[in-house]
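Please open the structure in your viewer and keep the selection tool at hand.

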Amino acid sequence: MAADGGTPGFDPEAVRTKYLAERDKRLVPGRADIRDLRTDEHFTHYRDDPFTPYAERAPVDDEVDVVVLGGGIAGVLAAAQLRKAGVERIRIVDLAGGIGGTWYWNRYPGVMCDVESYIYMPMLEELGYVPTRRYAYGEEILAHLQAIADRFDLERDALFHTGVTRAQWCEEAARWRISTDRGDDIRCSFYVLAVGILNLMKLPTIPGMEDFAGRSFHAARWDYEYTGGGAHEPLTRLGGKTVALIGTGATGIQCLPPLAESAEHVYVFQRTPSAIGVRGNRPTDPGFAGTLTPGWQRARMDNFQAIMLGRPVEADEVDDGWTHHYAAVHHPPRAEGMTMAEYLRSAEAFDYGIMEEHRHRVEELVDDPATAEILKPYYRYLCKRPCFHDEYLSAFNHPNVTLVDCPAGIERITKEGPVVGGRQYDVDCIVYGTGFEPELTPLPRRAGHQIVGRGGTTLADKWAEGAASLFGMMSRGFPNLFAMPAPGQQAVVTVNYTQLAVLGAEFVGRTVGLLRRHGVQVFDVSAQAEEAWTAKIVDSFVDGSAVMAACTPSRINNEGHPEAMNPRNGNYGRGMGDWFAYRDLLEGWLEAGTFEGLEVERQPIPS
Ligand code: NDP
């Protein structure tokens, strides 16, 4: 393919017309409507934990140094860094029955992380661990997070199967007061929100869902009691059963091959096809560990991140679909002397070439041409989160797998099963692989409880018109509160979420250590610093709505409404943000140790 737009077969007008027609089939009213699983009268039980029995316990009434809300990657890393800073009493609080966050909940068949394990699994050097595969299975990631928790003794004071119902800053005590759904009353000096970015399961509002008479569940609460088996074992109780799999995103595509192996029949209900790139998973080379030198993991994460940002690197260490396709489409080649118009045209042609590769892959792997056609993604690569898998597409060659095309969604669900195009599909079980509320969901909603700061103001009220923060991690009026950095929150976005969690955790741990060394009891963000940070975020916001409006609807373009994106919820730097500048800034701030941008109240020094 040529960088000047000379991609073979590229007819811009024809391609745009096709893409818009595919978009329009999916832009139907109510497509993004969801049931609120916290309150929905029929489906709140979907949130129940199928993995760990719920045990009664007495309410806790005590005082600790830090409460960390969330025991996933971000929470575990933040707590580990706090430990390193010498903090003794840390309470992790989580609705789950144990450590792990997304890897605690997502145990569906075939679960695997599609970001390379050597950069995704944190603290590998510190724990002396080398992942067994290039892309780790969920069980291995969960065990690793557990190992980190063990190393830093984080479960000792943890409260699992516990939801925070309210957090209130108490001025006189200079403490946060945390109330929970188990009747706990915990006072803490610092409160860390590590609630995750895709933590709220999403169920669509398909008419009649509640009437279905068979078994149904969300993929993030896999019902192994019903299906039998395990994440990487045959689903022994599905023999003779017909299953409906709704959703073909990163989760659905991983679930299908194991479902196809065990069930009598699987109907896959597809609203929008994902672009499925090559996976190339393989066991870790036995010689790999011997090649690693101190600092290798940070360097490898940086190498990946540099490629994502289009920076020059000596070698592509990860060398996969993210670096080949995702990064390349973000930063298409630009020949010298190209005008902006020429560049945009050639970027479109380049994108077309990459999407054609994906469409050809479907043709190569799927025997039935009609099925293959339905599985082909017709949109620009960045319109939807890309997927990578080597067994998903060929699963449609099994006689017991049927693809059901439903671009406008499922019409309704009856007692017997889903209805599409007037046809009723009788099934025993429905698996909702319908995803999560988007990562841009405002923090107060992701946190799921009232966070009440100075003067009785809630974070939800303060952020009603958009985020306001310093570094995306602290907010004026909410003293001694940290929020782990996340998309939509004035920080940066990274494809490898772990890298952001590592940075946020180091910042929280080192800041608390610094505050303690300086005898600071209370910090708050100064008005000036918050205004300046927010202004930086707004100033660097790039309005991509002209391009994104042509996309097939997805959470990336706000389900077809990119114009509604709020610049205040943007990133530090253009687009996904400037990771390296952001990290330099935080590390420089910590090195200086002057608490610039904070108002600090020191403890009286005893005479
Ligand atoms: P997604 O949001 O990506 O996919 C949900 C699927 O459900 C889509 O195919 C969607 O269709 C479909 N859907 C929703 N509502 C309906 C409806 N009413 N009728 C028919 N279909 C419907 O969720 P996932 O759980 O797959 O993934 C969420 C995110 O979690 C990923 O993007 C990724 O960030 C993360 N993840 C990461 C993994 C990893 O390996 N790192 C693995 C799994 C998940 P449509 O596309 O039209 O909206």
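In which sense do strand E10 and E13 pair, and over how many bridges? Select residues 265-270, which make up strand E10. In this predicted model, E10 pairs with E13 in the parallel sense, over five bridges. Next, select valine 266 and look across to E13, where valine 401 stands opposite.

Now widen the view to the whole sheet. Five strands form an open sheet, and their order is E8-E17-E9-E10-E13, with parallel pairing. In general, the strands of a sheet pair through backbone hydrogen bonds, in either a parallel or an antiparallel way.

Which strands stand at the edges? Select 215-218 for strand E8 and 401-405 for strand E13: each has a single partner strand, so one side of each is left without a neighbour in the sheet.

Finally, move to another part of the model. Select leucine 598, which lies in strand E21, residues 598-602. Is leucine 598 buried or exposed? Its relative accessibility is 12%, so leucine 598 counts as buried, the cut-off being under 20%. Beyond its sequence neighbours up to four places away, leucine 598 touches several residues, among them Leu470, Met474, Phe523 and Trp589. Select aspartate 319 as well: its C-alpha is 41 Å from that of leucine 598, and the two are 279 residues apart in sequence.

Technical notes:
Residues numbered from 1 in each chain as written. Predicted model: local features only at pLDDT ≥ 70, side-chain atom pairs only at ≥ 80, totals over all residues. Heavy atoms only, no water. Helix = DSSP H or I, 4+ residues; strand = E, 2+ residues; numbered from the N terminus. Buried < 20%, exposed > 50% of the residue type's maximum accessible area, 1.4 Å probe, protein only. Contact = heavy atoms within 4.5 Å. Pairing = 2+ DSSP bridges.
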